[in-house]
Amino acid sequence: MARAVNVLSLVLFAMCLRQCHAGAHLLVSKIILNEHIVEGKDMTVQYTIYNVGTSAAQSVFLNDESFSPEDFKLDKGLLSASWDRIQQKGNVTHTVIVAPLAPGVFNISWAQLTYKSVDSDDRQVGFSNSPGFIQVVPYPDYSRKFEHHVVDWLAFAVMSLPTVLLPWLLWYRSSSKYESIKKTV
């Protein structure tokens, strides 16, 4: 639902910009793709840049400072990216994978985008949407709710085996004893 609202707002904003201005106009969408954000597990952040203007954008630079090194470990990708040119009605996608280092609530703010239109040398600045506050769940809580618990089930099977095996062995011994007596008679 949130993704649909983001895309709809980008489209409406793009339609407004198209009627008001000429030149390159870039819109940035910042989306966290994970359903559950867990301490120590990868969190995927996707940036999509749309050029909704009437000309190409050049010297495009994306920078995101909302993931501090004290709170997040950068696993893959770069928090700063650049493109020489984004064509009119074109788009690019940039993905970063970070891992939260501790549980808690974190404010994930906007990313900054700077670019120039091919038509002018004026540098323009834009900002992405802000995903807002995210709840990072401690790993033991996540594990308790969502993992398969194979070790727990194996321990259960080992502990319940004597209560099933012991009566069966007693029955088998007495049954085989009476079967041998029945055969001799």
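Predicted model: local features only at pLDDT ≥ 70, side-chain atom pairs only at ≥ 80, totals over all residues.

Biologist: What makes a residue a contact of Phe67, and which residues does Phe67 touch?

Modeller: Contact means heavy atoms within 4.5 Å. Once residues up to four places away in sequence are set aside, Phe67 touches Lys30, Met43, Val45, Tyr47, Phe72, Leu79, Val98 and Ile108. Residues are numbered from 1 along each chain as its sequence is written, and side-chain values use heavy atoms, with hydrogens and water left out.

Biologist: What makes a group of residues a nonpolar core, and which residues have the most contacts inside the largest one?

Modeller: The term denotes a set of buried Ala, Val, Leu, Ile, Met, Phe, Trp, Tyr and Cys residues joined through side-chain atoms within 4.5 Å. The largest such core here has 28 residues, and Met43, Phe67 and Ile134 have the most contacts inside it. At least two residues of this core come from each of β1, β2, β3 (57–63), β5, β6 (91–100), β7 (104–108), β8 and β10 (132–136). Strand β2 gives the most, with four residues. In soluble globular proteins, nonpolar side chains tend to be buried together.

Biologist: How do you know how many helices and strands the chain has?

Modeller: Helices (H or I, at least four residues) and strands (E, at least two) are DSSP runs, numbered from the N terminus. By that rule the chain has three helices and ten strands. Their sequence pattern is α-β-β-β-β-β-β-β-β-β-β-α-α.

Biologist: Why is strand β1 described as largely enclosed?

Modeller: A residue is buried under 20% relative accessible area, exposed over 50%, and partly exposed in between (1.4 Å probe, protein chains only). In β1 (residues 26–32), seven of the seven residues are buried, so the strand is largely enclosed by the rest of the structure. Both of its faces are covered: Leu26, Val28, Lys30 and Ile32 lie on one side, and Leu27, Ser29 and Ile31 on the other. For the chain as a whole, 32% of the 185 residues are buried.

Biologist: What makes β1 and β4 edge strands of their sheet?

Modeller: The sheet is open, has four strands in the order β1-β2-β6-β4, and is paired antiparallel. Strands β1 and β4 (72–76) each have a single partner strand, so one side of each is left without a neighbour in the sheet.

Biologist: Which strands form the other open sheet, and in what order?

Modeller: That sheet has the order β5-β3-β8-β9, again with antiparallel pairing. Here β5 (80–86) and β9 (123–127) stand at the edges, because each has a single partner strand. Strand β8 (residues 112–117) pairs with β9 over five bridges, and Tyr115 has Gln124 in β9 as its bridge partner.

Biologist: Why is Asn51 called buried?

Modeller: The relative accessible area of Asn51 is 2%, and the cut-off requires a value under 20%, so the label applies. Asn51 is found in strand β2.

Biologist: Is Phe61 buried, exposed or partly exposed?

Modeller: Its relative accessibility is 35%, so Phe61 counts as partly exposed. Phe61 is found in strand β3. Leaving aside neighbours within four places in sequence, Phe61 is in contact with Ser80, Ala81, Ser82, Gln112, Leu113 and Thr114. Phe61 and Leu113 are 52 residues apart in sequence, yet 5.6 Å apart in space, C-alpha to C-alpha.

Technical notes:
Pairing = 2+ DSSP bridges.
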